[in-house]
Amino acid sequence: PHTMEKQLHLNLLASKPPMAGLQSGSNVKLRMGPGRKRDFTPLPWSQYFETMEDVEILPFCSVKHSFTALYTFRIYSSGSHGPVLMLLHGGGHSALSWAVFTSVICSRINCRVVAMDLRGHEMLLSLRDVGKAVEALYGENPPPIMIIANHVPSLLGLCVIDVVEGTAMDALNSMQNFLRSRPKTFKSVENAIEWSVKSGQIRNVESARVSMVGQVKKCEEPLSSPGVSRSISEGIIEEEEEDEEGGESNHKRKKEDDQEIKKECLYTWRIELSKTEKYWEGWFKGLSSLFLTCSVPKLLLLAGVDRLDKDLTIGQMQGKFQMQVLPQCGHAVHEDAPEKVADALATFVVRHKFTEFKEGFPW
């Protein structure tokens, strides 16, 4: 139906703004106590996915308006048989946010994983475009597919992670304040990873080490340029740790790092989410109704039961979808607790006979 041609963000998993209370402003300092320094070095995509390729499609909006521009999507894949789990990331994130989850789910069940990187196309993409990407990958006879909604051939099931219309719409009022609270630049990818963990944006260090690589890019201007208005020194979160060589505080090392930062290239956010504000309401308005009317088996994973809005509460009481709450997670549930999400999804797809557990998996 025509209403299903809404922006793809209606089904982007984990695309809602972070919940209030889960973030730390750029000047908040978290003190972790003494101990060994954690490793924030980036991890490669190849440690979690088997292949990476770029796929070109003619977007639905171009067909409608007689444009000729092609969209290029980076696709990360794993697995060679079984149903396809099509993974769509949230606004401002990248396909790499699914990396750790992918390695876990592929160890649980027979499946193929396709993580589609939507960076730069989120605002104009429709669900039809995802269907075109599936066609480009698999031709006219695609395998059974789970995760996303209509306009994708052979749709098998739908899973939405911590995206609820009511709470998402309420959170939009504070979204710009949250975006302003983030550092605008980082002195390195490692520094961006460290910030994401210590600020609570991503609670799993391994997930942060692979997914933040897709969220930042090198600045085109040096630190001294007027175009870079706010340096990482505003976003550093101190952690009183002792290294193995005997006790030099992180505060002193930070001052030394600040001396070196002027000689380095800075990193900034790859997507400027603040410029997408006019699309935010359209990403979520009508989401609950679309989710409930989708005719395939559905799974809703939440970080807290308080996120349910009225429509979903009624739908859940009527048994229209399966719901599972994964406590002690932030909004990036699939990054914070990839094993719990993989277990919930594996149980769901096996219960519906979409696939089987892998031989020897101790379930």
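1. Let's start with what an aromatic pair is: rings of Phe, Tyr and Trp (its six-membered ring) pair if their centres lie within 6.5 Å, and planes under 30 degrees apart count as stacked, over 60 as edge-to-face and the rest as tilted. Searching the whole structure turns up eight aromatic pairs.

2. Before going on, keep in mind that this is a predicted model, where local features need pLDDT of at least 70, side-chain atom pairs count only at pLDDT 80 or more, and totals for chains, interfaces and linings use all residues. Residues are numbered from 1 along each chain as its sequence is written, and side-chain values use heavy atoms, with hydrogens and water left out.

3. Have a look at Phe49 and Tyr76, a tilted pair with 5.2 Å centre to centre and 40° between the planes. Phe49 sits in the segment before strand S1 (51-57) and Tyr76 in strand S2 (residues 71-78), so this pair ties together parts that are 27 residues apart in sequence. (Strands, E, are DSSP runs of at least two residues, numbered from the N terminus.)

4. Buried means under 20% relative accessible area (1.4 Å probe, protein chains only), exposed over 50%, and partly exposed in between.

5. Next, Trp98 and Phe101 pair edge-to-face, at 5.6 Å centre to centre and 70° between the planes. Trp98 is buried, with 1% relative accessibility, and Phe101 is buried with a relative accessible area of 1%.

6. Back to Phe49 and Tyr76: ring pairs link them with Trp45 into a cluster.

Terms used. Helices (H or I, at least four residues) and strands (E, at least two) are DSSP runs, numbered from the N terminus.
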